[in-house]
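Please read this briefing alongside the sequence and the structure shown below.

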Amino acid sequence: MVSNCIQDVSFSDCESSHVGKLCLQMNCNSDCIHVLRSMVAVMTARAGMAELQSNRVAIAVDELFANIAAHAYNGKPGRVEFETWIGNSEDGCQELVFNFRDYASAGWGGNLEEIMKAGTEVHDPLSPGGLGLRLICSVADRCEHEVCADGNRWRLIFNINDREQLKGGE
Amino acid sequence: MDTSLRFERVDKDDNHVLLRVYGDVTIHTSPRLREQLKPLLNASIREIRVALDHVGFMDSSGIATLVEGLQWARQTGGHFILSGLSENVRDVFELAKLDTVFEIEDGSA
């Protein structure tokens, strides 16, 4: 199925990745979720992740994209660039990386580091606002956000080598 | 990936309703779950069971929708019970630290 959300796609060699880098340029709409979910399934399979971990990666990618669509673009169509690859970190560990770039007029004013520190511990279950970002930060090994002059850059990183020991202490 | 959401409602009696959900509950489908739940939350029902046996994926918007049932239960003294959670769906509740807040039953309703 060719989705009308994809504006451009490329698959390039990546120096540190044995599976290359997949790049998509999307027009932010609900079809994109299906495409992203497929990309996550492919990349987590290539990374050798178990189903539970693959689901966690899918949750994080879904939530981040939904956050961009709802809050950066207020539910209206907007350009999002998506890249994913398996690479090596500076300390030699393999990692699965997802990059998002939006071109929203307003940069996101939150602080991912604070959310990662807080985790999901301080949480009133009857006020689920912000749950999506807390889920992202609880499943990803690293979350990065940068406000650009013309939007936002987001990066989710999942360590691969220690996947038999799922994050969260199971 | 299941992109549609379907429901089966079973009114066991005037006070007990079972709602079976089929499909993925995401930001795009959770409004349909809310549509199904809302009349139940406004009715004088004592117990709402939501069977999630056939839900393979749920995101934060799905959880937020179910939190409305939790709020209803706390306000009315009713029971809002979730059952049949798959490993993936239960994992999301655990990550959100909501697995001990909801009334969750093992097995299917």
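In which kind of crossing, left-handed or right-handed, does H1(A) pass H2(A)? The crossing of H1(A) past H2(A) is right-handed, a term used where the near helix is turned clockwise from the far one by less than a right angle, anticlockwise being left-handed. This is a predicted model, in which local features need pLDDT of at least 70 and side-chain atom pairs count only at pLDDT 80 or more, while totals for chains, interfaces and linings use all residues. Residues are numbered from 1 along each chain as its sequence is written, chains are lettered from A and ligands numbered from 1 in the order in which they are written, and side-chain values use heavy atoms, with hydrogens and water left out.

**Interface of chain A and chain B**

- The contact (heavy atoms within 4.5 Å) draws 25 residues from chain A and 26 residues from chain B.
- About 2200 Å² is buried between chain A and chain B, 66% of it on carbon and sulfur atoms, where buried area is the accessible area (1.4 Å probe) that two parts lose on being put together, summed over both.

**Salt bridges**

- The structure holds 14 salt bridges over all chains, each being a side-chain nitrogen of Lys or Arg within 4 Å of a carboxyl oxygen of Asp or Glu.
- Two salt bridges are found across the interface of chain A and chain B, and one that Arg56(A) forms with Asp91(B) has its closest N and O atoms 2.7 Å apart.
- On the side of chain A that touches chain B, the elements giving two or more residues are helix H1 (31-46), helix H2 (51-72) and helix H4 (131-139), helices being DSSP runs (H or I, at least four residues) numbered from the N terminus.
- H2(A) gives the most to that side, with nine residues.

**Packing of H1(A) and H2(A)**

- H1(A) and H2(A) pack at an angle of about 150°, with their axes 10 Å apart; axes are lines fitted to C-alpha atoms over the stretch in contact, and angles run from 0 to 180 degrees between N-to-C directions.
- Residues making this contact include Leu36(A) and Val40(A) of H1(A), together with Val57(A), Val61(A) and Phe65(A) of H2(A).
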